[in-house]
Amino acid sequence: MLFILSIIIAIGAFAIWRGAQKKVREQRNVAFDNTRRIASAVMVFFLLLALIEFFTIIPAGHVGVVDFFGTVSDNTLKAGINAVNPMARVVKMSVQTQEIKETMDVPSKEGLTVQVEMSALFHLNPDKAADVYKTVAGGNYVEIILVPQFRAVTRGVTAGYEARALYTSEREMLTQLIQKDLATKIEARGITVESTPLRRVGLPPDLTRAIEEKLRADQESQRMQFVLMKERQEADRKRIEAQGISDFQKIITLSISEQLLHWKGIETTEKLAASPNAKIVVIGGGKTGLPLIFDTK
């Protein structure tokens with residue numbers, strides 16, 4: 001519209017300039033000369049303004065959708081300076097990452113109602129921007145498509161899990177499932193889901209205490225299982241040690257005979273008799289007949 005208005009004003013200014021130019025030539029009138037100059041300046045200004053309408057600037061992180069009297073081009077304009085039809089309207093749409101936060105009362109598998117606060121990080125697919133503009137009223141895809149589907153998917157996923165899943169390590173798996181289901185429903189409409197983090201879980205006080213008590217009981221049970229396993233391992237170690245000692249004693253018992261002990265006694269007697277220490281040797285002492293040796297000191 002600005003282009004058409006600028007052209008109309010420029011044409012009017014040109015007509016005034018031309019009339020004033022003719023009067024100046026015929027009458028040499030100074031007043032008409034001033035009118036001619038003013039008309040000339042107005043004409044140049046609005047011609048430049050009309051020329052600017054042939055270009056548009058798309059900010060970084062945006063794309064431009066060209067709407068020419070209801071006909072929308074499938075080719076979107078990229079960020080930067082773009083040449084356009086001055087009669088067309090350019091709608092600038094953000095493709096940057098955006099966030100919505102939702103606080104919802106969602107059902108659990110056991111029929112409880114849990115309050116959760118979740119976020120959805122998303123961005124508009126640049127290649128689908130024209131389709132979104134054409135198919136979504138006013139291009140407001142966040143309120144019309146994303147928010148309702150986000151709420152529905154979240155409630156549908158949590159209904160298949162117990163409330164404790166929102167409170168334990170299973171929450172990460174749950175958020176990934178919400179992201180996957182949400183992406184399945186809306187990516188075809190031109191909206192890319194990046195993540196759906198679970199920000200806060202508000203459980204009923206009684207349920208919170210019950211879950212905490214169950215978690216403590218599970219941890220205590222795991223601790224006792226560890227203690228029992230350790231005691232069993234210690235018992236096995238002692239049993240193996242005792243078996244080893246028993247086996248050793250059996251081997252020694254079987255390998256030692258009276259003749260061997262007698263022979264070892266003779267060897268020991270020879271060594272003691274050969275030593276330089278003063279001693280008394282009694283021959284034929286004891287049941288074995290081995291010498292008895294007494295140290296004189």
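## Aromatic pairs

Rings of Phe, Tyr and Trp (its six-membered ring) form a pair if their centres lie within 6.5 Å; planes under 30 degrees apart count as stacked, over 60 as edge-to-face and the rest as tilted. Two aromatic pairs occur in this structure. In one of them, the ring centres of Phe68 and Phe69 are 5.0 Å apart and the planes stand at 75 degrees, so the pair is edge-to-face. Phe68 has 35% relative accessibility and counts as partly exposed, while Phe69, at 57%, counts as exposed. Here buried means under 20% relative accessible area, exposed over 50%, and partly exposed in between (1.4 Å probe, protein chains only).

Phe122 and Tyr141 also make an edge-to-face pair, with 6.5 Å from centre to centre and 90 degrees between the planes. Phe122 belongs to strand β7 and Tyr141 to helix α4, so this pair ties together parts that are 19 residues apart in sequence. Both Phe122 and Tyr141 are buried.

## Basis of the model

The model is predicted: local features need pLDDT of at least 70, side-chain atom pairs count only at pLDDT 80 or more, and totals for chains, interfaces and linings use all residues. Residues are numbered from 1 along each chain as its sequence is written, and side-chain values use heavy atoms, with hydrogens and water left out.

## Helix α4

Helices (H or I, at least four residues) and strands (E, at least two) are DSSP runs, numbered from the N terminus. Helix α4 covers residues 141-158, which is 18 residues. From first C-alpha to last it reaches 25 Å, close to the 26 Å expected at 1.5 Å a residue; the expected span is 1.5 Å times one less than the number of residues.

Among the buried residues of α4 are Tyr141, Ile145, Leu146, Phe150 and Val157. The cover over the buried residues of α4 includes strands β5, β6, β7 and β8 and helices α3 and α5.

## Thr76

Thr76 sits in the loop between β3 (71-72) and β4 (80-83). At 14% relative accessibility, Thr76 counts as buried. Neighbours within four places in sequence aside, Thr76 is in contact (heavy atoms within 4.5 Å) with Val63, Gly64, Val65, Pro126, Ala129 and Ala130.
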